Amino acid sequence: MEQEKEYLTFILNGEEFGVDILCVQELRVWSSVTELPNKPNYIKGVINLRGVIIPIIDLRLRFGQKPLEYNEQTVVIILRNQDKTRPMVVGIIVDAVSEVYKLDHKAIRKPPEFGNSIESCFLEGLASIDEKLIILLDSNSLLNHDELYTVNKEAVMANE
């Protein structure tokens, strides 16, 4: 059983989040995207990355947070799942990239249960590092077509 896992952490609305580094394909500075009609507001559009069309998701908006104007700190993290039968590549827009941490599986705590009132499908767990709490995202859910593109009507209405 794997004992340690590396996470790339990033900042989103003042909180630090982490994703499995094995799913990170590359980091890009924010650049314009091709907008698509009739899409949820958190899908900013698509980019052509070396012949692959990649959807770009604003993670703030996907999580129901207030939008932030993009600047030179804004980063797009290109994520690729490890599923050979149903591959998925997606770009997530974050406020800034932070650190890479190697975490022992014992250091990761399960997220608390919130019932049905809070969407927690993207949470893998929480890790405490140097007096701060890092929210670890579940890469399988984040890179799942059904989970990522399910429209949360309350979150969409909150952002309008």
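Which side chains meet in a salt bridge at 2.4 Å, N to O? They are those of glutamate 26 and arginine 50. A salt bridge here is a side-chain nitrogen of Lys or Arg within 4 Å of a carboxyl oxygen of Asp or Glu.

This is a predicted model: local features need pLDDT of at least 70, side-chain atom pairs count only at pLDDT 80 or more, and totals for chains, interfaces and linings use all residues. Residues are numbered from 1 along each chain as its sequence is written, and side-chain values use heavy atoms, with hydrogens and water left out.

**Overall build**

The protein chain has 4 helices and 11 strands. Both are DSSP runs numbered from the N terminus: helices are H or I with at least four residues, strands are E with at least two. Of the 160 residues, 41% are buried. Buried means under 20% relative accessible area, exposed over 50%, and partly exposed in between (1.4 Å probe, protein chains only).

An open sheet of 6 strands runs in the order 8-1-2-11-10-9, with mixed pairing. Strand 8 (96-104) and strand 9 (108-109) stand at the edges with a single partner strand each, so one side of each has no neighbour in the sheet. Two strands pair if DSSP finds at least two bridges between them. Strand 9 pairs with strand 10 (residues 123-129) in the antiparallel sense, over 2 bridges. There, isoleucine 108 has alanine 127 in strand 10 as its bridge partner.

**The hairpin**

Strand 4 (residues 43-49) is mostly covered, with 5 of its 7 residues buried. It joins strand 5 (residues 52-58) through 6 bridges, and the two run antiparallel. Isoleucine 47 stands opposite isoleucine 54 in strand 5. The hairpin has 2 residues between the strands, and arginine 50 takes a positive phi near 50 degrees.

**Salt bridges**

The structure holds 6 salt bridges. Three of them are listed here.

| Pair | N to O distance |
|---|---|
| glutamate 26 and arginine 50 | 2.4 Å |
| glutamate 124 and lysine 5 | 3.7 Å |
| arginine 28 and glutamate 26 | 3.8 Å |

Glutamate 26 is buried at 19% relative accessibility. Its link to arginine 50 ties strand 3 (residues 24-29) to the loop between strand 4 and strand 5, 24 residues apart. Arginine 50 is exposed at 63%. Arginine 28 is partly exposed at 28%.

Lysine 5 is partly exposed at 23%. Lys5, Asp20 and Glu124 form a network of salt bridges.

**Serine 139**

Serine 139 sits in helix 2 (residues 139-142). Its relative accessibility is 10%, so serine 139 counts as buried.
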